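Here is a short note on the aromatic side chains in this model. Please keep the structure open while reading.

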Amino acid sequence: LHWYGQELLQMVTAEHFISGTVGLLVTMRALAEWIVKYSEEYDDNKLEESCLEFEGYLSEALGRVRNYQINDTVAQTFLLELIDWIILQCNTIDDLPAWTPVLNYCIPELRYFLHLKERITGPDKNFLRSTHLHDEWVRQALASWWVDLCLSFDQEEEAKQTAGIVEGSSQFGSSIMYSFVRYYEKLERWPEAVIALKDIINNDARNNPNNYRWIVHLCEKSGDRQGMKEWYEKWFLFYPDLELFKQNTALIEDDANKEAKTQLWLEALEAKKEYRLLISIYLSQGDIDKAWFEFIRHKDRIQTDGPAASELFLAMKKHEPARLISVYSQLALNNISAKNRPAYARAAGWMKELKEVCGSSGNEKIWVDFHGRIMREYYRFHALMDEIRTAGIGQP
């Protein structure tokens, strides 16, 4: 099959392109029937996948013809005839979605679009609202395709009328709105792009973070600084992140309500149980005491070997190492109680950290006493003793 496709594609040249392209089109039509007839005899959709790969030869062939038609009247006529032929293959409007990917390659300019429109709407002027369409999914799929085509050739009013057909559709409504956002963005009609994307975000339960990034960019392009602030804030509250927090605080740097607004964000993070992020925020602000307070309040919910805690411990070693003594001691004991080799290795690591902070804070006696207790009470735990020696703290 692929050898045959390659042979046909080689025939598509600037001098002789009709036979090869028609051969690929006819083969695609036959393959569609072949898939329906024989797919059950193959496992895992292998037949369908192989046949669909064949579309690549056809798309490349039509791509060549699109280039030829710029200066070749034969290629121009050929594309118009291909459009006619495809429409003839559709017994009803319901058959059209299967051909839309091919039709897209046949419409490089507005006149081809107008030709297609004439052929489709000939028997039914309002084909997308036609009672001949029996499948509502087909109606919505065709409407989405038609909106894209209209906008690609600046047929904005017709695109808007078509969009009304699928208004409220959960499957195609957002897709169509995205088409309008991209269209307005291409024309640098920034406020309209913002409004269109705003409607998408407000009606999308998933709240895609890329949409927030996009609408902030559109607001910036339109010179709407207040809009930037509002969407950055919404983005941060939906997807809490340290860099987003910094960006938000930078935007309100000169605002009179900066402190009140920042406090509201911190309270929102507390309500969302974003304790690790709160620690990182306080550390970024240089407020080690608040970061430590947050850690102590919620330490059972914070991964002690995670980035936030590690950053906090490193800062506290320089700020007030004595505060770490009780935390490191407890972490060592907790891991010992797990009674497995990986936990013993972690326990030895925390003991090593404990030795360091006891030394730097002038509390060497606490370390000696703790070390002696472990060596006395757990001397029969040979794996633990091995890990302690490996960590270099076999002696106090």
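1. The structure holds 24 aromatic pairs. Rings of Phe, Tyr and Trp (its six-membered ring) pair if their centres lie within 6.5 Å; planes under 30 degrees apart count as stacked, over 60 as edge-to-face and the rest as tilted. This is a predicted model: local features need pLDDT of at least 70, side-chain atom pairs count only at pLDDT 80 or more, and totals for chains, interfaces and linings use all residues. Residues are numbered from 1 along each chain as its sequence is written, and side-chain values use heavy atoms, with hydrogens and water left out.

2. Phe 180 and Tyr 184 make a tilted pair, 6.1 Å centre to centre with 40 degrees between the planes. Both sit in helix α10 (residues 173-186), four residues apart, about one turn of the helix. Helices are DSSP runs (H or I, at least four residues), numbered from the N terminus. Phe 180 and Tyr 184 are both buried, meaning under 20% relative accessible area (1.4 Å probe, protein chains only).

3. Phe 245 and Trp 265 pair edge-to-face, because their planes stand at 80 degrees with ring centres 6.2 Å apart. This pair links distant parts of the chain: Phe 245 is in helix α14 (residues 242-251) and Trp 265 in helix α15 (residues 258-271), 20 residues apart. Phe 245 has 2% relative accessibility, so it counts as buried. Trp 265 also counts as buried, at 2%.

4. One aromatic cluster is formed by Trp 292, Phe 295, Phe 313, Tyr 328 and Trp 350.

5. A charge also meets a ring. Lys 234 lies over the face of Trp 231, 4.2 Å from the ring centre. The criterion is NZ of Lys or CZ of Arg within 6 Å of the ring centre and within 35 degrees of the ring normal.

Conventions: Helices (H or I, at least four residues) and strands (E, at least two) are DSSP runs, numbered from the N terminus. Buried means under 20% relative accessible area, exposed over 50%, partly exposed in between (1.4 Å probe, protein chains only).
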